[in-house]
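Dear colleague,

I am passing on a structure that I would like you to look over when you have time. My notes on what was found in it follow below.

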Amino acid sequence: MKLRYDLHSHSDCSDGTLSPEQLVERAKLQQVDVLALTDHDTIAGVTRAQQAAASAGLTLIPASEISAKWNKKDIHIIALAIDIENQLLQEGLQRHQQKRETRAEAMGDRLAELGIKGAYAGAKKICGKALLTRPHFAKFLIEQGHVSSFNDAFKRYLAAGKPGYVVTPWASMEEVVRWIRAAGGQAVLAHPTCYKLTSSQLRHLLRDFKEVGGVGLEVVTSYHNADETQRMATLAASMQLFASVGSDFHGIAEKRIELGQLRPLPGNCKPIWQLW
Ligand code: MN
Ligand code: MN
Ligand code: MN
């Protein structure tokens, strides 16, 4: 039997809208057999998702999507099949959570200077116990009528280089991969076409990534059309990287991305789950 994999998804422990339990329920509904919960810089939802998966009869892969710096650029690294008890990983994620908090406060200050009061408190209220992320600020800006949409919020205030944006000193790619390896997991470069890199820059990134111990590339994602999927498959094969598959689901009706509804992995790829 061919299993359906989705190795990139978010719960309300970061910027998703479903609880870990609801996410697993949704995955079941979408006939996903193997799901990775990859909340941004946190593993807070993993145990709950694992428990829900055990009763729903699907496999939950403990994971996280970790921010990192490469050549001053922010990249996202999917940490798959990690031991969530690993201390080096836990400490690294805690440092990133602290950086997110500091960034959020600074973003609140920036927005206040632009005449938008109470953004930090407002975003914090929306996010509740979750990790405070830019989408929470976007929701605040929409609610307060400063912008008309999510895209508008990012385009005018929150995207890199915009007036509400604050650079975050994430750990280097090398360091993040070290945490993942210490925790026995695989490091996979997420959504490779989303970094605005030329193909030679992307190769450069992947060469560096491999050198520090990265092993995988997200070949199939909701962001890739058939052509990009094929290009990334060829790239992964030529660089001897394993291929991963993930929707980057954040919730129903969010970005119109659904769990498990992905193109098949092209035949020239070695799936990352061969390593499990
Ligand atoms: Mn996200
Ligand atoms: Mn990402
Ligand atoms: Mn993601």
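Leu189 has Leu217 in β6 as its bridge partner. This is a predicted model, in which local features need pLDDT of at least 70 and side-chain atom pairs count only at pLDDT 80 or more, while totals for chains, interfaces and linings use all residues; side-chain values use heavy atoms, with hydrogens and water left out. Residues are numbered from 1 along each chain as its sequence is written, and chains are lettered from A and ligands numbered from 1 in the order in which they are written.

Strands β5 (residues 186–189) and β6 (residues 216–221) run parallel and are joined by 2 bridges (strands are DSSP runs of E, at least two residues, and helices runs of H or I, at least four, numbered from the N terminus; two strands pair if DSSP finds at least two bridges between them). The open sheet has 7 strands in the order β1-β2-β3-β4-β5-β6-β7, with mixed pairing, and its edge strands, β1 (5–6) and β7 (242–246), each pair on one side only. Helix α2 (residues 46–56) packs on this sheet, touching β2 (34–37) and β3 (59–70), where contact means heavy atoms within 4.5 Å.

Since His40 lies in the loop between β2 and α2 and His250 in the segment after β7, the pair ties together parts that are 210 residues apart in sequence.

With regards

Key
Axes are lines fitted to C-alpha atoms, for helices over the stretch in contact, and angles run from 0 to 180 degrees between N-to-C directions.
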